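Colleague: Could you pick one part of this model and take a close look at it for me? I'd be glad if you then connected that part to what surrounds it.

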Amino acid sequence: MPRSNSLTADHSLAFPGGYTRSVGPVIGRFLTELRDGRLVGVRTAAGGVLFPPVEYDADGEPVTEEFVEVGPDCTVGTYAWVPRPRPDHPLDRPFAWALITPDGADTAMLHVLDLGVFDLGAKPPKTLRAGLRVRPKWRAERTGTIGDIECFRPGVTAINAPVRADYRLSAGQALSRFLGGIAEGRILGHRCGVCGKVYVPMKGMCPVDGVPTTEEVEVPGTGTVTTFAVNNIPDPRAPEVPFVSAYVLLDGADIAMVALVAGIPAGEVRMGMRVRAVWRPREEWGQTMANIRWFEPVDEPDVPFDEIKDYL
Amino acid sequence: MGEACAVIGVGQTHYRSRRNDVSIAGLVREAALRALEDAGLTFKDIDAVVVGKAPDLFEGVMMPEAYLADALGARGKPMMRVHTAGSVGGSTALVAAGLVQGGVHDRVLVVAWEKQSESNATWALSTHPPLTPSLVVGAGGYFAPHIRAYMRRTGCPDHIGTLVAVKDRQNALKNPYAHLRIEGISREMVEATPMLWEPIRYLETCPSSDGAAAMVLASESAARQAPNPPAWVHGAAMRSEPIFFAGRDTVNPQAGKDCAADVYSQAGITDPRRDLDCAEVYVPFSWYEPMWLENLGFCGDGEGWKLTESGATALDGDIPWNASGGVLSSNPIGASGLIRFAEAAQQVRGLAGDHQVDGARRALGHAYGGGAQFYAMWVVGSARP
C-alpha cells in the first residue's frame, strides 16, 4: 500500500485493438476445430495425445502432424472452488476452476466448471469431486478462441418434472349444508337413524351402519380435547409452530373433529381439557371452517379420562 | 387357503436417501434381478408380475406400472398394480400369493418401491384440499395424538419409544441394506433430538428412503426346483376399516385384531409370542411397537410397553421384532411392507445374514397403512404347511 502521504494515480496499459498473434499450424488447427465445435489433441512422437495441443512436447520434440478428436466426455481432476467470483471472472456466481481431461487425451486443460446456480459465498457442492464427468458447453457464435467453450458442465442426471392437476371440488349435499350452518354461526351434525350416533360434521351417511342420515342436530361450540399433537414441523400451510392440532369432541357429538387449539401455551394443553370455539368477527364469515379461528380453553374442570377413553 | 405357495427368491436394493444414479425403472429392476438370481430364474420363467407402491403423488408419476412393464420383463404377461397406502407392500405380496394359491400361476414376481427423493412425503400426504381443511401435517401429525392416547391409556413411562428407536437402529447395523446406520446409537442420542410432533421425537421416526424390494412366489412344484430354501406361506390375511367412525378404537384398531386372528387361525397359531420365532412389523414411529404388540396379541391390552421394556423384542429376546432394523431404519414407503414380508421369509429360510434369528422356523410379516386402517399380514415357515 502506498504511504498515506504519497501521491497516487490510476494507469491502464493496453495495446490499442489488442495484439495480433500468429498461432502456427498446431495451435491453429486446435483453434480451428474449436471454432467448429470439436476438441482435438495432437499425437506426440512417443505416441501420447497432448490436449490442448502444443507444438513441442515436454521432451522438446516437435509433435507429429496427427490430430486426434478427443472428448466430448471429459473427467475432472483437481479443482478450486470460487465462492465469490471477481469482476473479471467468466461467471458472476460461484464456479470452479478445474483441470479437465477429455477422453482420449493424456493431459488436462484448465477451464471453467459450472455446477449450477449457487448463492455468493456458497460452500462447494458435494457433486464437485475428482472424477466428475463433464462436457463442454459451446457458445453459439464461435470465433476460434479458447472462449468458444463457455464452460464445462456435468451430464444430465435429473430433470425437473412439474406436475399439476386442476380440479373443481364439489362439496356435496352434506358438507354444503354443514358449511351453510357454519356461515350462520351454527355447528350442525346428523344423528344416525340406526345407531343413534351424532356425526359432526355430518357425512350424510353412517360409516358403521352404511345408511343415509338425515336427522339434523345442532351442537354447541363447546367441547373436550380428547387427544392432541404439538406440531413443531413448519409447514407453509400450517399456522406458526409450535401449534396444537387436537381432537375436539363437541358436546353432544359422538366423534371428535380435528381442530387448532390456541390461547394457551402448547405445553399446557391437556387431554380432557374443556374448550370453546372462537369465531372470527361476523363480517368475515363465509361458507368455510375458517369462520372458527380456533378453540380456546374455558374455565371448567377437566373431564376425567374415563369419560373420554372411548373416543380415542 | 388353496394351493401351497412359497417364497423362492428375495431381492432388495440398498436403501438410501437418494438413488440419483438410477431411474425408477432402474431401481425396480435392480431388486427384481436380485430376487430372480436368488430363485435361479430369469424374467422368461415368470408367469405374472404384481407391483405396488404408495400414492402416485410421491413421485408425480401417474400409473407408473404402465411404464415399468419393460423393466420388469412383463411384456405379454399379466401385470397389475396394488395400492393400499402404507400397507401396500404387504398387500402386493398377498395379491401375488393369491395368484399362486388360486392355482392360476406357478411363478409370480412381486415388486414394490418408492423413490421418496423425487418429492416430499409430508407434502404428498397433506395436500389440503379446499372445503375440508385439515390441520394434520404428514404421517407424524396424524399418528402423534394416537400415540399420546396409548401412553395415557396404559400409563406407560415416557421412555418406551426411545428404547425401540435404539433397538431397531442397533439391528440395522447388522443389515447391509439398511438406510440408517447410526454407530453408537443410544437413548441419550435419541432423547437429544427434537420433538417433531410431540410426543414423537426426530429419531423416533422413520427416514425417507429410495429403494425397492422384490420376491418370487412359487407353487409347490416350482418351489421344489428352487436352488435355495423356500419360505412357505402358512397364512395370509388383509383387513380394512374406515378412518373415521364413532366408537372407533384408533389406538388398537379392530381391523388389525381381526386380521391377526385370521392369519393366526390359518397358521394354527394360538399364542403368537410362543408359536412365532420372530416378527417383522410395520413400526414407522417407535411407539407403534408396544401398540402393535397388543394389537397383534403378543400380550394383553396395556402390556405391550412392558414387553418392549423387558427386552423380549430385542434380537436376543424371546420374540425378536424387526431384526432387520425395520421401517425405523429403512422406509421406501411403498416397499416398506414388502420388506417386512421378505425379511420374515429370509428369517425362516435361514438367509437373514448377520441379523438372522437363530433357528427361526415361523415368522410374521406385517404392514399397515392409511390412518391405521389397512392391514396386511402373513405367516411364513420353513416347513411346508
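Modeller: Happy to! Two strands pair here if DSSP finds at least two bridges between them, and the elements themselves are DSSP runs numbered from the N terminus (helices are H or I with at least four residues, strands are E with at least two). Residues are numbered from 1 along each chain as its sequence is written, while chains are lettered from A and ligands numbered from 1 in the order in which they are written. Please keep in mind that this is a predicted model, where local features need pLDDT of at least 70, side-chain atom pairs count only at pLDDT 80 or more, and totals for chains, interfaces and linings use all residues.

Chain A has an open, antiparallel sheet of three strands in the order 2-1-3. Its edges are strand 2 (49–50) and strand 3 (67–70), each of which pairs on one side only. Strand 1 (residues 39–43) of chain A runs antiparallel to strand 2 of chain A, with two bridges joining them, and A:V42 stands opposite A:L50.

The domain assignment, with bounds from an automatic or database source, divides chain A into domain 1 (24–154), domain 2 (170–219) and domain 3 (220–312). Between the C-alpha centres of domain 1 and domain 2 of chain A there are 71 Å. Another open sheet of chain A has three antiparallel strands in the order 10-9-11; strand 10 (198–199) and strand 11 (215–219) are its edges. Five bridges pair strand 9 (residues 187–191) of chain A with strand 11 of chain A in the antiparallel sense, and A:R191 has A:E215 as its bridge partner.

Now to where the chains meet. Contact means that the C-beta atoms of two residues, placed from the backbone, lie within 7 Å; the contact takes 34 residues from chain A and 33 residues from chain B. On the side of chain A that touches chain B, strand 12 (222–231), strand 13 (243–250) and strand 14 (257–261) of chain A each supply at least two residues, and strand 12 gives the most, with five. That side has 23 nonpolar, five polar and six charged residues, where Ala, Val, Leu, Ile, Met, Phe, Trp, Tyr, Cys and Pro count as nonpolar, Asp, Glu, Lys and Arg as charged, and the others, Gly among them, as polar. Strand pairing crosses between the chains too: strand 12 of chain A and strand 5 (residues 195–198) of chain B run antiparallel, joined by two bridges, with A:N231 opposite B:W197.

A residue is buried if 20 or more other C-beta atoms lie within 10 Å of its own, exposed if 12 or fewer, and partly exposed in between, with C-beta atoms placed from the backbone. Strand 8 of chain B pairs antiparallel with strand 1 (residues 5–12) of chain B over two bridges, where B:A6 stands opposite B:W232. Eight bridges pair strand 8 of chain B with strand 11 (residues 374–381) of chain B, again in the antiparallel sense; there B:A237 has B:M377 as its bridge partner.

Next, the cores (a nonpolar core is a set of buried Ala, Val, Leu, Ile, Met, Phe, Trp, Tyr and Cys residues joined through C-beta atoms within 7 Å). The largest nonpolar core has 165 residues, and among those with the most contacts inside it are B:M215, B:L217 and B:V380. Helix 13 (residues 333–349) of chain B gives the most to this core, with nine residues. Domain 2 and domain 3 of chain A both give residues to this core, so it lies between them. Leaving aside neighbours within four places in sequence, the contacts of B:M215 include B:V7, B:V110 and B:A342. A second, separate core has 15 residues, including A:C74 and A:C151.

Chain B as a whole has 13 helices and 11 strands, and 61% of its 385 residues count as buried.
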